[in-house]
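I opened the model to look up how two chains meet. I then turned to one helix.

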Amino acid sequence: MSESSSIGIVAPQIAHFTEPLPLKSGEVLPQYDLVYETYGTLNADKSNAVMICHALSGHHHVAGKYADTDKHAGWWDNLIGPGKPLDTNRFFVIGLNNLGGCHGSTGPSSIHPQTGKPWGSAFPLLTVEDWVTSQARLADYLGIKQLAAIVGGSLGGMQALQWTISYPERVRHALVIAAAPNLTAQNIAFNEVARQAIITDPEFHGGDYYAHKVVPRRGLRIARMLGHITYLSDDAMGAKFGRKLREGEIKYSFDVEFEMESYLRYQGDKFAGEFDANTYLRMTRALDYFDPALAHDGDLSRALAPAQADFLVISFTSDWRFSPARSREIVKALLDNELSVSYAEVTAAHGHDAFLMQDAHYHAILRNYLKKIKVGGPA
Amino acid sequence: MSNTSIKFADAAKSRHDFALIAKWIKPGAKVLDLGCGDGTLLGYLRNTLQVRGYGVEKDDANWLASMSNGVDVIQMDLEAGLSGFEAKSFDVVILSQTLQAVLNTEGIVQEMLRVGHEAIVTFPNFGYWRHRFQLIAGQMPVSKNLPYQWYDTPNVHLCTIKDFDEFCINHHIEVMERLVLTEQEPINMMPNLRGSLAMYHLKPAE
């Protein structure tokens, strides 16, 4: 095994698309930008491209740093780099910010070309299918006919799954991690509470808060706090915080008393300071709407009939938001279609967030699976 | 179930078993291998008979070895049944040297014949004379096919050939073919006494 290291200094790029994008909702995006990053080198026959789909709050900055002084590397830096499981010595890796995002791709906080003002509430609602269409256009833009692999965790895993349905001939391998074929009622309920926190914030202004020079910070903060609870397992929270008191003794107040509260407030504040509330609303709605089986009388096997890819499906034992049972539904549908699929149920304590963690067995799975993917010679 | 720690006497011997299993499988068949270990059997069947199929394995290390060896492998516990597989979706379902380590033995054999048109089951014969002899001498049997001490064995449902024959009759299972071996040699006379390894080719009785 070669020594692994960071991909180093990276820089985002912007692709501008002028061909209108018809959306599932019936609306049309006349033009849009997608911000993306690439790591590694596209080979001569363009057979080594791997696209990373991000989850709810993700973006295009998947690996590396923008400057040596950056405190944090990209959000999946532990996976991607020279000698890492997704080895940039072999693969050309693409990370992008989805449409509707708030990190550079066209979204609610972008300037509407006609009005000269932020889109705000006028920005359409998007679906996983819409994202996949826009991602395929980015692949076109980069001259890539077929991806060696599409990779995603959580909402990203849903996009990876959708790729195999929307563009079966354009994806050789699909890594569908900590995903589900649709949301449960409980999951939709969590999303609705998060949205209500945002929408009922007095500073939401129907989604056009930009004009008022305010952000619905309180709502977004509560939405993120709620989200965080569902991404962690009870055990992981117990192990990390337990009932530990911040000051060592009970104060009989509503200030932060428990370490757990301190953590949640910190996460909420941090997120509310850097994420756009309109984007959060749309990301959660895309999650709610995703249901490839819906058009096939609820039959996921029929929904996946077009798929041709070789699949790796991974779930995590302590993930109660997208439980292993949900991944097994995907696996069942793939088996029904006699597709090539391996399924791993990784023992992990971290809950849904486990897919981002550096677990030795989990990473060995990814490393060995990705190693089997055939790619052509270098450029 | 800890079929994972099942020791094979040696690789060559396993290969010999594989060749015998292969005789009961048609070229190009769709195969499910339960407790597939590192995927060697499926790899062998794919190379020799161009079978298609999947392995099922619970243990992390074995699962990783199977997947790395190019076998499509589903991580799950056989004890929970085969609910992730459609009825009659496989030509053959194999349970090689694992039956004795399964808790829900009755359930898993029935599940094999639900999911597959046919099943192949192999297990160490507890009725083998060396095992009987060790019991008469007052100790739990330890042999090439049962290489464990009583305190560390994964085997929980050991049976004899006679037991399994009766099991098949009582569960409306037709024994299409049966092969009994000792040291790789077929045993035709007094197999329940002289045979150390039993191999069954099964289908649901009409």
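Buried area is the accessible area (1.4 Å probe) that two parts lose on being put together, summed over both. I looked up this value for chain B and chain A: about 1,600 Å², with 53% given by carbon and sulfur atoms. Y54(B), M67(B) and Q75(B) supply 30% of the area that chain B buries against chain A, more than any other three residues.

I note that the model is predicted: local features need pLDDT of at least 70, side-chain atom pairs count only at pLDDT 80 or more, and totals for chains, interfaces and linings use all residues. Residues are numbered from 1 along each chain as its sequence is written, chains are lettered from A and ligands numbered from 1 in the order in which they are written, and side-chain values use heavy atoms, with hydrogens and water left out.

Next I looked up contacts (heavy atoms within 4.5 Å). I found 18 residues of chain B in contact with 20 residues of chain A. I counted three salt bridges between the chains, each a side-chain nitrogen of Lys or Arg within 4 Å of a carboxyl oxygen of Asp or Glu. In one of them, E86(B) pairs with K332(A), and the closest N and O atoms are 2.5 Å apart.

Ten of its 13 residues are buried, so α10(A) is largely enclosed by the rest of the structure. Buried means under 20% relative accessible area (1.4 Å probe, protein chains only). I saw that the buried residues of α10(A) pack against β7, β10, β11 and β12 of chain A, together with α3 of chain B.

Definitions and conventions
Buried < 20%, exposed > 50% of the residue type's maximum accessible area, 1.4 Å probe, protein only. Helix = DSSP H or I, 4+ residues; strand = E, 2+ residues; numbered from the N terminus.
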